[in-house]
Amino acid sequence: MNLLAIFGEALRALRQNRLRTGLTMLGMIIGVAAVVLMLSIGQGARTKINETIAAMGSNLFIVVPGATSSGGFSFGSGSVRTLTINDAYAIAELPSIKTTAPVVTGTAQLSYAAKNWSTIVTGTTANYFDVSNWKMEAGTTFTESEVRSAARVVVLGSVTAKNLLGDEDPIGKTIRITNRPFQVVGVLMAKGQSLTGRDQDDTVVIPITTSERQITGSQFPGSIRYMLVQGKSATEMDIAEIEIIQLLRQRHRIAQGKENDFTVRNLTAVADVATDAAKVMSIVLGAIASVSLLVGGIGIMNIMLVSVTERTREIGIRMAIGANQRAILTQFLLEAMMICIMGGLIGLLLGIGGAWLVSQFADMLIVITLGMVALAFLFASAVGIFFGFYPARKAASLKPVDALRYE
Amino acid sequence: MFSPEINHSGNSLIQISNLSKSYSLQDANGKTITNQVLFNINLTINQGEFVAIMGHSGSGKSTLMNILGCLDIPTSGSYWLAGKNVATLSSNELARIRNQHIGFVFQGFNLLKRMSALDNVATPLLYAGISRTQSRRRALELLRRTGLENFAMHQPNQLSGGQQQRVAISRALINQPPLILADEPTGNLDSQTSNEIMLLFQQLNRDQGITIVLVTHEDDIAAYAGRLIRLKDGHIIVDKNNTN
Ligand SMILES: Nc1ncnc2c1ncn2[C@@H]1O[C@H](COP(=O)(O)OP(=O)(O)O)[C@@H](O)[C@H]1O
Ligand SMILES: [Mg+2]
């Protein structure tokens, strides 16, 4: 038996029936393309989330005013004003805590030359940039002494800088925030969307003191929207959380058995949930795509069975001139595998092309790894062997005399 | 040729004793009925013989040929082919015998469709493990000898019946088998073409010493053979030398 020759016979049989071969292959093409596309979307989502988490800063808590049940994690319900700047400074003194950055926010009208832009103003302390792991694109952050003196200095988010100043170099320029002049000292590196989907780059950051007194104002002086708290080490996050809660309950004079009037969130834990969700999503997507691959495989088995019946006489002739069972089995198995592998290759290219289109038009991150390509390919071959084997064995086990007599 | 391990009986190529064949069928009520087609056949064919088998339709000629060709197995009795008991051979060994030692020629030609005459003739060599290039070279040589070199690239449906049967005979000869089995090879051909095909068989038998067993309905076709066997309802009723 000559494997190369049998390969040639299989190829010839496929070519003799191009339409059928093509249609059978289509099932494989769609299946593999779907698997590649879904895996790449899933992997893209995971990569994106990991990047967002990495950009978030490490060992972070976020403390927001209001009980968990009423205030929750959303920054929207800002009527409760139980958290103050002094709370933040007190927490910073805890042994397990490295530093804290209190934050006030508000919306304000910005202007530069003839341009106007409305955006979120973030008032915070100088260590905010370090805690939130936010690097500078140009210029510097404002300093601790500028915070103390409530200086009118501003750091621009990249989107805001672009919208307000266009291509001009913003450093040293004076912009107006609610009509008060502020000097631009720096521009932040683009950070992209937050886990909640907000564009984090459309913002300006100013000293918290300046914001309180001149921009955001407040009928509750000293109250803040939230604070970022950075723990000293990843292993002591649980202790740090207990310490924060104890200190705040003490400072807020909350009686035993009463509910907290604030909420502490461990951002690492939130990130873990998001990562898990993305993992589940890619598994679900992959599973859905695998079903189409399975359907494609069943299609191949179906067509191969029809083909064996249709070619019974041919099988009989081949046996009469000396083909043994293995030669017949090999030929039909090769036919099924060639459909799968060729379909797999085309599907792979289509899947990669589709992923590229999605990344271009849906503005999604798409990640294709070599492992994914190998997986899709292996899967396609496995489907070919699995679904091709039964029809091939059926062909090989025909009795020569019966096959020859078949009309 | 064969390397006879046990030389069962002198220079006999085929030795059949007490061979019977019956088919089991289900009747309308689902009851199994057995239909015996061959009854206690005893037959010896020596190397170099040219044997014609005749008989009415349904007398068991094809059944006997299929057994001789290792395409089917008898229900009882023994069949020794070139000193080997066919009943003891594995399916792989049987395939090898069909490939190397027997050439088949059928009434309906049984060429592979949509495949050139050349590739049809070459296919048995592929199953013998010979490369495609060499197979094609040998096939072309054989087609030249049967006068078909100009039709080598034609597909079966582009050839006349006589040409198709020549291609089929070339295919049967490609592995230089000692035995050719032809089941009504002229059944689909006109008398002129039939005679040409029979002359080809006769020449193969005379010049190359190939043993030929041939089934036919027609007396003038059978007349080319040196020995005549007549079957009736699964029994051999005549077995004689052909002297005209
Ligand atoms: N596969 C089979 N199953 C059942 N009966 C069969 C089968 N093959 C042949 N027969 C029967 O065996 C008898 C002989 O058939 P066959 O050998 O083809 O006759 P011939 O070639 O002499 O015309 C016929 O009656 C036929 O119906
Ligand atoms: Mg017959």
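**View 1. A salt bridge joins Arg12(A) and Asp119(B) in this predicted model.** The side chains of these residues come within 3.3 Å, N to O. A salt bridge here is a side-chain nitrogen of Lys or Arg within 4 Å of a carboxyl oxygen of Asp or Glu. By this rule, 2 salt bridges cross the interface of chain A and chain B. Local features need pLDDT of at least 70 and side-chain atom pairs pLDDT 80 or more, while totals for chains, interfaces and linings use all residues, and side-chain values rest on heavy atoms, without hydrogens and water. Residues are numbered from 1 along each chain as its sequence is written, with chains lettered from A and ligands numbered from 1 in the order in which they are written.

**View 2. The interface of chain A and chain B.** Contact (heavy atoms within 4.5 Å) links 24 residues of chain A with 27 residues of chain B. The area buried between the chains is about 2,300 Å², and carbon and sulfur atoms give 53% of it. Buried area is the accessible area (Shrake-Rupley method, 1.4 Å probe; for residues, only the protein chains shown count as cover) that two parts lose on being put together, summed over both. The rule also finds 10 residue pairs in polar contact across the interface, both residues at pLDDT 80 or more. A polar contact is a pair of N or O atoms within 3.5 Å; within protein, one must be able to donate a hydrogen and the other to accept it, and residues adjacent in sequence count only if both atoms are side-chain atoms.

**View 3. The side of chain A that touches chain B.** Helix 1 (3-16), helix 10 (312-320), helix 11 (325-361) and helix 13 (400-405) of chain A each supply at least two residues. Helix 10 of chain A gives the largest share, 6 residues. Helices are DSSP runs of H or I with at least four residues, and strands are runs of E with at least two, numbered from the N terminus.

**View 4. Ligand 1 lies between chains A and B.** Residues around ligand 1 (a heavy atom within 4 Å) include Arg405(A), Tyr23(B) and Gly58(B). An N or O atom in the side chain of Arg405(A) is 2.7 Å from a nitrogen atom of ligand 1. For the side chain of Tyr23(B), the distance from such an atom to a ligand nitrogen is 3.4 Å. A polar backbone atom of Gly58(B) lies 2.8 Å from an oxygen atom of the ligand. Ligand 1 taken alone exposes 560 Å², and the protein buries 69% of that.
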